[in-house]
Amino acid sequence: MNIALIGYGKMGKEIEELALIKGHSINLIIDINNQHDLIPENFRNIDVAIEFTTPQTAVRNIMFCIDSGIPVVSGTTGWHEHLSEVKKKCMEKNGSLFYSSNFSPGVNVMFAVNEFLAKIMDSFTEYNVEITEIHHTRKLDAPSGTAINLAEQIINYNQHKKSWALKDNASGEILEIKAIRENDIKGIHEVIYESEIDTISLKHAAKSRKGLAGGALMAAEFIFDHKGIYTMRDLMGI
């Protein structure tokens, strides 16, 4: 495949390295210093775009790809309040969009287990549930998209939690998410059920960005010849 990278930070570079190993070509790189190159003529020979940028620019980048007929994989988080309008545009244009709050296969297994656990724990009212996420200090959004996804899954199945919040000592109807920023943390997410007698926890800790890069490239290979809107659950069949 001929790939365009929109965003060339640590994730973009990791994806580039893996893509070249797998025999793909990186034909175009758009970063903060050359955003003016995000024009249709530069994408004429592009098979798929992989977008990892910022919450402020993601929607514009995704819409551009859809308008240009380029399948797009987006791993940017913090923009999903605009997801309905992006999906509408994709459907109107018969486009191809693959998005995820986290491309790690391991995290997506965690999502599946989190739903299952939330269904069980709904009957055990003596437990309070909260989420902790830890990332590097350069991460721009808080809480992470993965933490929000985990929280929304729990709220869907736990009749005692109505919303989530970045809040200390949340209880009752509010599910607390603790967002911690530390140097060089690749990403840790933990769902914790706490009672007076014990603790039940579900945890994923990334050791490198290779899992994310591999998942994003798998998504690009998938979306290349698919029309519609997809996530990692479609790719992994979970």
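**Notes on the predicted model**

1. Isoleucine 174 belongs to strand E8, residues 174–181 (strands are DSSP runs of E with at least two residues, helices are runs of H or I with at least four, and both are numbered from the N terminus). Between the C-alpha atoms of isoleucine 174 and glutamate 85, which are 89 residues apart along the chain, the separation is 28 Å.

2. A word on the ground rules: this is a predicted model, in which local features need pLDDT of at least 70 and side-chain atom pairs count only at pLDDT 80 or more, while totals for chains, interfaces and linings use all residues. Residues are numbered from 1 along each chain as its sequence is written, and side-chain values use heavy atoms, with hydrogens and water left out.

3. On to the charged pairs. The model has 9 salt bridges (a side-chain nitrogen of Lys or Arg within 4 Å of a carboxyl oxygen of Asp or Glu). One of them joins lysine 22 to glutamate 221, at 3.2 Å from N to O. Lysine 22 sits in the loop between H1 and strand E2 (25–30) and glutamate 221 in helix H6, so this pair ties together parts that are 199 residues apart in sequence. Lysine 22 is partly exposed at 44% relative accessible area, and glutamate 221 is partly exposed at 28%.

4. Another salt bridge runs between aspartate 67 and lysine 89, whose closest N and O atoms are 3.3 Å apart. Because aspartate 67 lies in helix H2 and lysine 89 in helix H3 (residues 83–92), the contact ties together parts that are 22 residues apart in sequence. Aspartate 67 is partly exposed at 41%, and lysine 89 is partly exposed at 21%. There is a network of salt bridges here, linking Asp67, Lys89 and Lys93.

5. Glutamate 115 and arginine 233 also form a salt bridge, with 3.2 Å between the closest N and O atoms. Helix H4 (residues 105–121) holds glutamate 115 and helix H7 holds arginine 233, so the pair connects parts that are 118 residues apart in sequence. With 18% relative accessibility glutamate 115 counts as buried, whereas arginine 233 is partly exposed at 25%.

6. Val109, Val113 and Ile238 make a nonpolar surface patch of about 210 Å² (such patches join nonpolar side chains, namely Val, Leu, Ile, Met, Phe, Trp and Tyr, within 5 Å, from residues with over 30% relative accessible area and no salt bridge; areas come from the Shrake-Rupley method with a 1.4 Å probe). Isoleucine 238 is found in the segment after helix H7 (232–236), and its 38% relative accessibility makes it partly exposed.

7. Helix H6 covers residues 210–223, which is 14 residues. From its first C-alpha to its last, H6 reaches 20 Å, close to the 20 Å expected at 1.5 Å a residue (1.5 Å times one less than the number of residues). Buried residues in H6 include Ala213, Gly214, Leu217, Ala220 and Phe222.

8. The largest pocket has a volume of about 1100 Å³ (on a 1 Å grid over the protein atoms alone, a pocket is an open set of points where a 1.4 Å probe fits, with protein on both sides within 12 Å along at least five of seven lines; lining residues have an atom within 4 Å of a point). Of its 47 lining residues, Met11, Phe52, Thr53, His136 and Lys139 are the closest to its centre. Two or more lining residues come from each of helix H1 (10–21), helix H2 (58–67), helix H5 (145–157), strand E10 (199–205) and H6. H1 gives the most, with 3 residues.

9. Finally, some backbone spots to look at. Most residues other than glycine have a negative phi, and most peptide bonds are trans. The peptide bond from alanine 142 to proline 143 is cis, with omega near 0°, and proline 143 lies in the loop between strand E6 (128–135) and H5. Asparagine 94 has a positive phi, near 55°, and is located in the loop between H3 and strand E5 (96–99). Aspartate 184 also has a positive phi, near 60°. Aspartate 184 sits in the loop between E8 and strand E9 (188–194), and is exposed at 51% relative accessible area.

How values were computed
Patch = residues over 30% accessible without salt bridge, like charges linked within 9 Å, V, L, I, M, F, W, Y side chains within 5 Å. Buried < 20%, exposed > 50% of the residue type's maximum accessible area, 1.4 Å probe, protein only. Points joined across faces, edges and corners; volume = space filled by probe spheres on them.
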